[in-house]
Structures are given as structure tokens and as C-alpha cells.
Amino acid sequence: MGDKFQLIHDVSPGTTGWTVKVVVAEKFSPRVAQRSPTKYQNLTLMDSEGSTVQATLYGQNITAFQDELLLGKTYLISNALVKETNAEYKAKSGEIQWTISGRTRIRRVEENNSNLLISTYSFTDFEDLPKYMDSNVDISVIGMIIDIKPRRIIQTRFGKECQVQDLVLVNKRFDTVLLTMWETFVDNECKYICQNLRKKLILIGKHLKVTSFNGLSISTKADSSFFIDGEFELVEEFKSWGHTNSEIIDNMISEKHYLTSTPSKLSSKLSVPTAEKDFTEIKNIQGLKTAKQFFWIKGKASVKVLNQTYWYMSCNNCNKISSENYGDIYPCVFCKCTDAKAIPRAKVYMQLTDPTGYINATAIGNPAEYFLQSNAEILMNQTLIPTAASMRLSMDEDEIFYVKAITQELSTDCKFEILFIVNPSQIAGDKNTGKAPVEHIGQPIKFLEPTTKRSLFHSDTDDAQSSKKKCDKSTIEITKKNQ
């Protein structure tokens, strides 16, 4: 990038006559300030030594400069307002920040500094994503976009509506993972992706997080940023790989196995504790007041209330309860899908116990089917009060549970949902890390009462494919989020 211009660290409040050559490393979506109606947009600028500074545009300057300061491009910048960052933001934004306005001089330089830019990224392999599940640790990923789901609106428990849209990414080992885009990313990145999906775009994402929602997925954060088909050698290599393996990728897109409710192969590699000290004792979470916490618990589960309904009829798109009959096509009042299909979904209330105490918990979907050793369709057809002959009602040996604490209405105490159940006998321990990969989650279950040859996840695949909408006619789905 040359040495005849100042570097970022040479510029401080009061410095005059400076010009810095920078590449736009990150460009975030415009946002509204928390304490005022002011709209702002942040950028991260990088010089030739890799030093960065946060630059901010306010109000009408966001629109005025929308065709300037393009992501990944190089510019000469001078006469920006330089000031110290407020103390509460220094840890995240650095000591100094620039404000760009109409007085700032910006000149485009035709240089390719992509290698410098990409050198600052540390990509997380898809296989390593489970290590960061529910930790809120920033990760970066690269993958090919092979599908995009319809846009939907999620209503939080606080009544706020947020728009989200899911992408399906594939890596060079043909592993897939879901990336959930929130809010402004739907209006910007997802809109572009919908229009160019056939091109099999390569996405580079930064400042993302891994969640246990829907088994295991990636989600955007407020400061996430993306390169889509960026001008990088790494992207060209990925595209070349995609061209070589186009037939396999096209088959994946056609068959859409990644749309089933089965946890992905990535979920089968969760890092499960093996040391007793790493498990949470139940006595320590009884009466828990703080939600959105996650725990590994080792113990037993049993059904204490036999006379309960072990399934509910649901919408195949949003999993919300439905009053329709099995197989009916209907307009869902929650997700607003006009051709939703009513399908049964397993659900069980159970009690988790360990030597220190017990808690009541709910398992829905896959964990419920695994525990009961049955599937939703069989449970739907069960007319008698269940017995040990028709389904599993208790565990003889300890198993491992991944549990989430959830806010409970009309109570200050949290309720608990079981997200994964792991059989310790199927874990291959790693003495070096104290962790063990789970190899069996999501494998087919041998039912105690196999009255049908229907695959456990067959209907989910068919339903997902039949309800898939084209991007240019995306359906808004409205879902009340309980998590």
C-alpha cells in the first residue's frame, strides 16, 4: 500500500495535514443510536501495517457516501474529524475514532490489497463450531451459499418483531450449516443473495456466533460483516472447487437433506464433558432466576406423570401448535405460510435427577423421540396410557443432557428445556482435552413399536421441500420466539 502516507497510529486529535491510505476492512449496516434517534454507520479501516481505526458516518452522510468507501477497496483519506473514543467504548472500538463528513476528502486508489485484508481473518472450521456453541465467542467462516430459506418475522418475548432469514452454507468436505441473518442483513445481504443464488456465491463472514438453536447453527451479531464473492484468491479457489464438484453440490441442493429436522453432522461432534467436575449439579440450578444459561447434566430422566399428551399437531414450517388434522394443508396463523402442513411433533415432560436433586424439564422434537424411543406419528396413534412396553418411560443408566434455562411466564423461576441427550457408552473420550465427541446424535432410532416403515425424519424432508418458496416470492413467517 506504499509508505509515503501516514499510518493510522500517526494520526491523533490535533494532527493536521495528514493523509492515510486505508482499505475498508469492515462496513457495518446503519443503525439507530440507543440513546437518541441519530442514525450512524461504522466502518473499520486498515492501513498497510494492519492497524485499524473505527470510522463513523452520521445522518445524511450515510446516504451521501453510500457509493464511496466500498468494502475491500483502497482509499486515500484526509481531513476526517479525529477524537478520542468514549471510555466505555475503548475496549471494543480502540483509543481513537474518525468521523467522516462532507469536509472529509476521500480518493479511490486502484490497488488490490485483498491479501492484506484476508490475512487478518482466522476462519473456524465447520467441524470446530461445536466448541463455541452458546459461548458468544466471535468466529469467522467461509462457505458456499447453496440455499436460502423464506424470510420470517420472529416476535421476542418482549414483543419486539425482528426479521430473520436462513442461509445454508457448505464447506469443501460437503458439511452444511445454517447461518441465520438478522434484521438489516435480511434487507441487504439476503436480498442480494436471493437475486444471485444460482451463482453459488462464496460468503466470508466475521463476528458471528454459534448457537444450539435448531441443533447447531451460526447467527449474526450486531457487528457482523460479510464479503460475498469478494476478490480474494481464497474465494477463487473455493469457486474452482465448486466447479469441480458441481454435480455433487447440485444433488445436495436437489435432495435438500439439510432441510430435515435431523441434527446436522456437526451436532454429532459436540464437545461433551467427560470429567465429573465439568457437569452441573442439579442442586445448583434449582430455583434458578437467570435465563439463557446452558448446562451439561449427568443423570437419569423419567416420566412421573403418565397421563400426558406425548405429541402435538404442529405447523411444518414454524413448529407452532395447529388445530388442523394430520396432513391438512392450511394457512398458518403464526408464520402466515399459506400452504403449511399439519404434522405431529413429539413432546414429553420429564424429571431429571442426579445424586443432588431433581428438576422438571421438557424435551421437544428429536430429544423427545430419543428419550421415548418412539416417533411422533406412533405417539399420535397411541390411544392408551403408555406403558414400558410401548415406549421408554425411564432410564436405567445415567445419560448426559444439554439443558437450557428459559424464562417462565408468571414465575420468577426458570423452566428447563432439553436440547440434546447423549449416551455416555457411545462417547470416545479424549484424555488430552477432557472432552469427547458425540458420534450418535441424530442417528436413526430403533423404535420399540415399529408400526410403520415411515422414516423418523421422512415427513420433515418432504414438508420442507414442498413448502420451500422461491426467493423472489419470499413468504414472511411470523413466529413467537420462546427462547
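Reader: How many salt bridges does a search of the whole structure find?
Author: The search of the whole structure gives 16 salt bridges. Keep in mind that this is a predicted model.

Reader: Which residue does Arg 173 meet in a salt bridge?
Author: Its side chain meets that of Glu 127, at 3.8 Å from N to O. The pair links distant parts of the chain, 46 residues apart. Arg 173 lies in the loop between β11 and β12, and Glu 127 in the loop between α3 (114-118) and β9.

Reader: Which residues are linked with them in a network?
Author: Asp 125 and Asp 175 join Glu 127 and Arg 173 in a network of salt bridges.

Reader: What about Glu 281, what does its side chain meet?
Author: Lys 283, in a salt bridge of 3.8 Å, N to O. Lys 283 counts as partly exposed at 46% relative accessibility, and Glu 281 is partly exposed with a relative accessible area of 36%.

Reader: And Glu 399 and Arg 392, buried or exposed?
Author: Both Glu 399 and Arg 392 are buried. Their side chains meet in a salt bridge, 3.5 Å from N to O.

Reader: Switching to α4. How far apart are its end C-alpha atoms?
Author: They are 17 Å apart. Helix α4 has 12 residues, 184-195, and at 1.5 Å a residue these should span 16 Å, so the two values agree.

Reader: Which residues are buried in α4?
Author: Phe 185, Val 186, Glu 189, Cys 190, Ile 193 and Cys 194. They cover an arc of only 140° around the axis, so they sit on the same side of α4.

Reader: What is exposed on the other side of α4?
Author: Lys 191 and Gln 195 are exposed there.

Reader: And which strands do the buried residues of α4 pack against?
Author: They pack against β9 (139-148), β11 (161-170), β12 (176-182) and β14 (217-228).

Reader: Cysteines, then. What does the count of disulfides come to?
Author: The count comes to zero disulfides.

Reader: Cys 162 and Cys 315, buried or exposed?
Author: Cys 162 is buried, with a relative accessible area of 7%. Cys 315 is buried too, at 0%. Each is called buried because its value falls under the 20% cut-off.

Note on methods: Residues numbered from 1 in each chain as written. Predicted model: local features only at pLDDT ≥ 70, side-chain atom pairs only at ≥ 80, totals over all residues. Heavy atoms only, no water. Disulfide = S-S within 2.5 Å. Buried < 20%, exposed > 50% of the residue type's maximum accessible area, 1.4 Å probe, protein only. Helix = DSSP H or I, 4+ residues; strand = E, 2+ residues; numbered from the N terminus. Expected span 1.5 Å × (residues − 1). Arc of directions from axis to C-beta. Contact = heavy atoms within 4.5 Å. Salt bridge = Lys/Arg side-chain N within 4 Å of Asp/Glu carboxyl O.
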